[in-house]
Amino acid sequence: MGLRDQDQQCGAESALPLVRLNHVSFSCASLEASVDFYRRVLGFELVRRPASLNFRGAWMHKYDMGIHLLQRNSDCGVPPVRLPATIDPKGNHISFQCSDMALMKARLRDMNLELVTTRVWDGETTVEQLFFHDPDGNMIEICNCENLPVVPLAAAASPCLAKEPAGQCR
């Protein structure tokens with residue numbers, strides 16, 4: 001079996017017409033609190049939603065990407081979301097590239113946001129990361145990750161190809 005056949009079995013496709021991340025979507029306990037947070041903390045601006053969306057929500061846009069906020073329905077029998085007790089940098093999160101980490105750290109601290117700072121390094125290159133939660137417990141990272149070069153691994157070195165039988169990719 002050739003590498004191309006193995007790539008296809010592991011879900012890899014070549015030349016997909018994807019361009020960039022368009023938006024992330026979060027359900028909110030309070031639409032107003034979440035809109036205020038993303039506007040005040042991260043500078044997002046409200047934009048018009050399509051008229052066909054007949055539920056409470058808000059679309060926000062900045063930095064060539066969107067955040068779609070959806071009001072959680074409190075009477076649908078779904079238990080309320082429990083906020084995480086701690087900030088775990090290894091948890092699910094969205095990440096924003098930042099050009100001035102010192103300014104962003106000072107801004108977040110001035111807003112009295114609880115945050116965790118970490119550093120990642122590879123040789124002489126260091127990346128600073130700031131992690132914090134939005135009002136619904138969604139984790140956000142601010143980083144200068146562009147300091148680390150993106151170095152593709154050879155297809156033969158892929159953990160999926162080297163370790164997992166076909167169809168077993170995670």
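Tutor: Let's start at lysine 62, which is found in strand E3. Strands here are DSSP runs of E, at least two residues long, and helices are runs of H or I, at least four long, all numbered from the N terminus. Keep in mind that this is a predicted model: local features need pLDDT of at least 70, side-chain atom pairs count only at pLDDT 80 or more, and totals for chains, interfaces and linings use all residues. Residues are numbered from 1 along each chain as its sequence is written, and side-chain values use heavy atoms, with hydrogens and water left out.

Lysine 62 counts as partly exposed because its relative accessibility is 28%; buried means under 20% relative accessible area, exposed over 50%, and partly exposed in between, with a 1.4 Å probe and protein chains only. Leaving aside neighbours within four places in sequence, lysine 62 is in contact with Gly43, Phe44 and Glu45, where contact means heavy atoms within 4.5 Å. With glutamate 45 there's a side-chain to side-chain polar contact of 3.5 Å. That term covers a pair of N or O atoms within 3.5 Å; within protein, one must be able to donate a hydrogen and the other to accept it, and residues adjacent in sequence count only if both atoms are side-chain atoms. As for glycine 43, it is 19 residues away along the chain, with 7.2 Å between its C-alpha atom and that of lysine 62.

Now step back to the strands. E3 (residues 57–62) runs antiparallel to E2, and three bridges join them; two strands pair if DSSP finds at least two bridges between them.

Follow the chain from E2 towards E3 and you pass arginine 49, in the loop between the two. Arginine 49 counts as buried because its relative accessibility is 18%. Not counting residues up to four places away in sequence, arginine 49 touches Phe55, Arg56, Gly57, Ala58 and Trp59. Its side chain reaches the backbone oxygen of phenylalanine 55 at 3.0 Å. Methionine 60 is eleven residues from arginine 49 along the chain, and their C-alpha atoms are 9.1 Å apart.

A salt bridge is a side-chain nitrogen of Lys or Arg within 4 Å of a carboxyl oxygen of Asp or Glu, and the structure holds six of them. Aspartate 64 is partly exposed, with a relative accessible area of 48%, and arginine 20 is partly exposed too, at 47%.

Another of these salt bridges joins arginine 40 and aspartate 36 (3.3 Å, N to O). Those two are four residues apart in helix H2 (residues 31–40), which means they are separated by about one helical turn.
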